Amino acid sequence: MSRSIADIAHDAVWLRRDAEKIGGALPPLLADAERLAATVVMGDHGRKRAGTGETFWQYRRAVPGDVLTQVDWRRSARSDRLYIREMEWEAAQTVSFWADDALAMDYRSPKAPRSKRERAALLTLALSVLLVKAGERVALLGTEAAQPRSGETQLRRMAMSMANLSEDRPDFGAPPPARLTPGGRAVFLSDFMGPRDAVFEGLTQAAESSVSGVFVQIVDDTEESFPFDGRVVFESMGGAVSFETQRAKALREAYQERLAERRAALQDMARRTGWHCLIHRTSESPRKALLWLYGAIGGQV
Amino acid sequence: MLAFGSLAFLTPWLLTALITLPVLWWLLRAIPPAPARRAFPGVRLLLGLTDPERMPERTPWWLLLLRMVALAAAILAFANPVLNPRNTEGGSGPLLVVMDASWASAPAWPERVARVRDALDGAARDGRPTHLHLLTDPVPAEGLSFQDAQTHLRRLQGLAPAAWAPDRAAFATWLDSQDARFDSLWLTDDLTPAPDFVAALQARGSVRIIRTGRPVLALSAPVFEDGAVRASLHRSRADAPLPPLSVDALGLDPNGVERKLGSAEALFEADATSVDVSFDLPLELRNRITRIALPAQRSAGTVALSDDGLKRRKIGLVAGRQAREEQRLVEPLHYLRIALAPSADLIEASITDILNAAPDVVILADVGTVTTEERDRLLDWLDSGGLLLRFAGPRLAQSGDGQLEEDPLLPVRLRAGGRSVGGAMSWGAPKTLRPFAESSPFFGLDVPQDVAVRSQVMAQPDPNLPERVMAALEDGTPLVTGRRQGDGRVVLFHVTANAEWSSLPISGLFVQMLERLAVSTRAAQPEAADLEGETWAPLQVLDGYGTLGEAGLLSGVDGADLISQPVSAIMPPGLYEAGDRRIARNVLGANDTLTPLGPMPATVIEESFDVEEEQVLKPWLLLLALALLAIDILATLWVAGRLTGPRLVSGAAKVSMLALALGLATHADAQEAEDLALLATTETVLAYVQTGDPRVDQISEAGMAGLTLVLNRRTAIEPVAPVAVDIERDEISFFPFLYWPVTELQEIPSDAAYAKLNTYLRSGGMILFDTRDSNLGAFGSGTPNGRMLQRLAAKLDIPPLEPAPEDHVLTRTFYLLQDFPGRYARAPIWVEAAQDLEEVEGMPFRNLNDGVTPVVIGGNDWAAAWAVTAQGQPMFPVGRGAAGGRQRELAYRFGVNLIMHVMTGNYKSDQVHVPALLERLGQ
């Protein structure tokens, strides 16, 4: 089913008006996500292949082995050959999201516009809006919206669950051990700063369950530049892990080396499993990441 | 109180806290600065890293030092340090206060009196009996009697410095005869070492000396040398550099008004104690110099009176015989010229021409007859005070003048012919002189034995001859005779002016006799021997401040003492007169110098005047400690690596905010000035000048408030609440009227303030100067406030003043008044002198040139009479009973008249004509 830009924009406007009408029940995040989603040029995003569906796709010449009932006689009557009427494949896709909501994601350096978690949620929801509007099913792993569904309700549920933070969040997040829909897509948004074993085990598990997808590493600028000096005790956001240094500046090189190492490992695994990898900084525009994600997910679907 | 030199601590026990500093040092060194705690998600990546370099774990030494200094500053601050503490005289028992009270004390007299007042107040509080003695006063006749300090406090106001040096030795001797123990406070003038005196005081108890620490300046008498008037300026100490000082030569101008005739700059060399000043003035001005003075320091020492030594007389010489070149030594005028030329200006011309030049003396040497016209003119000139000196000779002897009847141009009648003794044709030896009689002006001069008289003209033995003889020969024949003629004198030497008849003109006696006759003036300071036996009467004497005053009842002084003795109470510095000669006796003699008091024994407590201001250092030290702590905060942050860009920026922003706040504060000042200007221009405001004395300022304010009340009630002038004006800071041109109470310890305004005041006076403002002391003495008679007023007004552009005349417009601007009372009554007030006085229709009318008198000066303490409390009740009693009430009412009326006068200008004085105008209109 292909929809014009005007239709989608109309929908977005309606959604926003609806959100306002229901008295703020629509989380602000969703409004943000919709505004962001509206900026993405939709274009034709059909499956562009024959399959089961209701929309006409193409006529093709019948070859031996085709079932007779599939022959379109009206078309065949206009020529000497037999044609088979093929419909466009319209089976809905499932895209599973994991937006890390660990305490580490709450980090926001003074100059950054948003915290990492806010950015992850925004990207998740914006992409979901686009996918839902394209008729796909979306799921948010590790929350009550983990069951893949389509429609506004699902979007709202996702937004609510992302806004509704639990009290006892861990310092660092790891992909939840949920079952992914085979053949579906997955988008993992996190800073991947957690303990190496926990993070990579979850990722490997997801990658192995015949699901392709995207890792989005969201980082704060200070996590890359490490602009600290002097005698500092670094603590994880929850305070579970701490590290004292006498002169932070001297550790910059070593830190940046380790960060690069972690990213290399991430990209290495993505390459092996056919996933994609994106590094997104909170100081960058979310639109850029959204376009890339849309291309990466939509292009495959 | 713990004192180190000029620094003292009021709570010294707090200083023990300084001991804790080393402990704190050790503690602070042991504890490194706390690390910063920072939440950072990337911490896991850091785990296991080792620090390649270590930050200093110990606090750096300079940071420690900073903290130590801050702490030390705080401890010192709380120990209440005071710079130049005002020592209070501790101790008990009797207190002797001695003041040098000499001319050298005059420049800082009010401060000295204030210091003594402090000491006496302290003694009164402590109940110590005191004795106050001025060393310039004679030693008390009775014994040492200590009295309640209050009795001496009452005397203080009237004390004045004397013009002579203190007699410390006499007092020390007198002390020796007393039997008492006491502490002493000695306010010295810093001149002349006095170890004996200090020892005498120390023998009785502790001694505290109060010294000025400033050099004393004095001028020596002016002398005429090398064509210029010279004097030298001395100073007591050469250790401190002095700015160039200006020395003025003062004298009367032809109108009899004292003016500055010349001015010279004196700049002391680095180590010199004296500097010469010279005035190069034309003769006319030089003769008029009465004194030279140093305006920078007013005392008897810095005023040097001039006397005959500076005067050069104009002498007309006339000879009866024309000079011939080959006979110079026998020429009649030769010896006179030699004797007089160094000290006088000689005119040789005809008698008429000489008289046209208004000479002081005319000398006629052997002139026989004079024409009638010349005689008449000579007599006129004699009547107006000339001195005619005649010498005899053959022509006079032959002329027969004054032989038959008394000639007004000769002192005595002469006998026909003369006599000659000791010649070839006569008996006897040449006659010598008889010692001078006591009545003679030559009394005291030595008669040299080699003076011999061979010929002379003889006087007729008349009844009045003896009283006219000024000098006689050993046989009694008159040699010099003289008599008064009108205001002048006629003197005749019965011998010639050359060596023909006698050897007198070639002796030294001749010059001295001319000097005594005030024909010539002496070139140098006279020796004591020269004046031996004469009595010199004081004509005018200097007071301690260097002001010339009448001698009053002072008795005469012996001539020898006048020169040799130092000035004292019986012989104060001043102008002394004997006959026609005058000698000025100055504080500093010809060869005197100023010797400083020198160092004191260590056991004597010394105190200085120059640093009276007590400086409390606590706020400054606390400020320093706070500033250091602020620096410490920044430094600690920097050491801990927490002083990053944004913080630095925000810190800078805070600093700039602070600067902005300060800027706003100065802006607030400007705003205040603007408010004042607005108030003064939109309302009528009475203003008073702040003197710095809180009590006086309070009275001024209350006085202005009282006057404001009365003005509002009775007149159309409706002023608002009075305003205090700071002459230095505030703009005064908005105020129509300023009340200026004069206090003794007032700051002299700066030049800028004077410029402002002069503009104010010129542009129609009025200042009422109130010395508030007309109970102490008539205005201008040298009360402390009066002197202060003179100093204040010296630079003010004030027109000639006169006591307010009976018909002054002030007496009739609103009320008709005869007197202008304040708290004190019946003292005159001074206003601008009337410019021209004309009679209009029988009524004296002052045309005051559209002006209000710019100043009104008096001492009636008006503000106190006007002053009301906040409840509207009078603050001070005025007079007694009903008469007092009347006086207060009159004081208010004066205030109303004054403000009316200020506000209406000459309108009210024009009202005088209203009846006349109405009359004319009717016609």
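The model is a predicted one.

Start with chain B as a whole. Chain B has 923 residues, and 38% of them count as buried. Its secondary structure consists of 24 helices and 41 strands.

Now turn to the place where the chains touch. Chain A brings 32 residues to the contact, and chain B brings 22. Helix 8 of chain A gives the most, with five residues. By kind, the residues on this side of chain A split into 18 nonpolar, nine charged and five polar.

Strand pairing also crosses between the chains. Strand 7 of chain A runs parallel to strand 3 (residues 36-39) of chain B, and four bridges link the two. To find the pairing, look for Phe234(A). Opposite Phe234(A) stands Arg38(B), in strand 3 of chain B.

Next comes a sheet within chain B. Five strands of chain B form an open sheet in the order 6-5-7-8-31, and the pairing is parallel. Strand 6 (130-134) and strand 31 (605-608) of chain B are the edges, each pairing on one side only. From one strand to the next, the twist averages 15°. At one end of the order, strand 5 (residues 95-99) of chain B joins strand 6 of chain B through five bridges. There, Val98(B) stands opposite His133(B) of strand 6.

The last stop is strand 26 (residues 535-542) of chain B. Follow its antiparallel partners one by one. Strand 28 (residues 557-558) of chain B pairs with strand 26 of chain B over two bridges, in the antiparallel sense. Here Thr535(B) has Asp558(B) as its bridge partner. Strand 29 (residues 574-578) of chain B is also antiparallel to strand 26 of chain B, with four bridges. Val541(B) stands opposite Gly549(B) of strand 27.

Strands 26 and 27 of chain B make a hairpin, with five residues between the strands. In that hairpin, Gly546(B) takes a positive phi near 85°.

Conventions. Residues numbered from 1 in each chain as written. Chains lettered and ligands numbered in written order. Predicted model: local features only at pLDDT ≥ 70, side-chain atom pairs only at ≥ 80, totals over all residues. Buried ≥ 20, exposed ≤ 12 C-beta atoms within 10 Å, placed from the backbone. Contact = placed C-beta atoms within 7 Å. Nonpolar A, V, L, I, M, F, W, Y, C, P; charged D, E, K, R; others polar. Pairing = 2+ DSSP bridges. Axes fitted to C-alpha atoms, helices over the stretch in contact; angles between N-to-C directions.
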